[in-house]
Amino acid sequence: LTGAQEHAIAEIDTDLVRSVPMQRLLQGDVGSGKTAVALYALLRAVESGRQGALMAPTEVLAEQHFLTIEGLCTRLGVRCALLTSALPAKERALVRQLVASGDVQIAVGTHALIQRDVTFADLAVAVVDEQHRFGVEQRAALAEGRAPHVLHMTATPIPRTLALTV
């Protein structure tokens with residue numbers, strides 16, 4: 001890990017032990033390792049016996065994140081699943097069932113993660129990538145009724161993002 005990644009992870013660790021849910025913005029250039037930091041936060045949720053979710057704005061980006069983390073998670077014995085609207089209905093229903101039962105420890109997906117028919121057994125950490133591409137209500141929907149720690153990621157901080165952070 002780079003020094004900046006280690007610093008971000010240390011701050012996230014501090015946030016994760018607090019009783020107040022984290023609301024953290026992680027900003028970095030494309031390729032700077034934001035996904036590695038996000039995976040760390042997601043694995044901390046799994047380590048505590050809970051679930052993590054990573055939501056991306058497009059199916060291509062969600063698939064990219066899934067392919068990046070799935071191999072690592074498999075080696076650690078952590079079950080991941082991809083949930084997008086492009087999945088066939090039967091497969092999508094199975095993934096929803098596995099997420100609801102807690103058998104899937106890390107769910108990666110698109111807006112499909114915030115549909116009414118998706119429930120989590122015990123969501124502890126939610127990561128929202130390219131958070132500026134989601135509406136305020138969409139970002140809130142992932143945490144609604146759950147109070148998870150939320151890590152927002154962006155490569156392009158925009159004035160609204162900076163204002164929300166402040």
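A: Begin with the idea of a contact, which means that heavy atoms lie within 4.5 Å. Please keep in mind throughout that this is a predicted model. With that cut-off, the buried residues of H4 pack against E2, E3 and E4.

Q: Which residues of H4 are buried, and which are exposed on the other side?

A: A residue counts as buried under 20% relative accessible area and as exposed over 50%. In H4 the buried residues are Val 95, Leu 98 and Val 99. They cover an arc of only 100° around the axis, so they lie on the same side of H4. On the other side of this helix, Ala 89, Lys 90 and Gln 97 are exposed.

Q: What span does helix H4 reach from its first C-alpha to its last, and what phi does Gly 102 take just after the helix?

A: Helix H4, residues 89–101, has 13 residues and reaches 18 Å, close to the 18 Å expected at 1.5 Å a residue. Just after H4, Gly 102 takes a positive phi of about 90°.

Q: Which residues of the largest nonpolar core touch the most other members?

A: The general idea is that, in soluble globular proteins, nonpolar side chains tend to be buried together. Here the largest nonpolar core has 30 residues, and Ile 106, Val 125, Val 127 and Leu 151 touch the most other members. The elements that give two or more residues to this core are helices H1 (3–16), H2 (34–47) and H3 (59–76), together with strands E3 (80–83), E4 (106–109), E5 (123–129) and E6 (149–154). H2 gives the most to this core, with seven residues. A second, separate core of 19 residues includes Ala 81, Leu 98, Ala 107 and Leu 113.

Q: How many residues of E5 are buried, and in which sense does this strand pair with E2 and with E6?

A: Seven of the seven residues of E5 are buried, so this strand is largely enclosed by the rest of the structure. Strand E2, residues 51–55, pairs with E5 in the parallel sense over five bridges, and E5 and E6 also pair in the parallel sense over five bridges.

Q: Where does Val 125 stand in these pairings, and which residues does Val 125 touch?

A: Val 125, in E5, is the bridge partner of Gly 52, and Val 125 also stands opposite His 149 in E6. Not counting residues up to four places away in sequence, Val 125 touches Leu 16, Ala 41, Leu 42, Ala 45, Gln 51, Gly 52, Ala 53, Pro 148 and His 149.

Technical notes: Residues are numbered from 1 along each chain as its sequence is written. This is a predicted model: local features need pLDDT of at least 70, side-chain atom pairs count only at pLDDT 80 or more; totals for chains, interfaces and linings use all residues. Side-chain values use heavy atoms; hydrogens and water are left out. A nonpolar core is a set of buried Ala, Val, Leu, Ile, Met, Phe, Trp, Tyr and Cys residues joined through side-chain atoms within 4.5 Å. Buried means under 20% relative accessible area, exposed over 50%, partly exposed in between (1.4 Å probe, protein chains only). Helices (H or I, at least four residues) and strands (E, at least two) are DSSP runs, numbered from the N terminus. Two strands pair if DSSP finds at least two bridges between them. The expected span of a helix is 1.5 Å times one less than its number of residues. The arc is that of the directions from the helix axis to the C-beta atoms.
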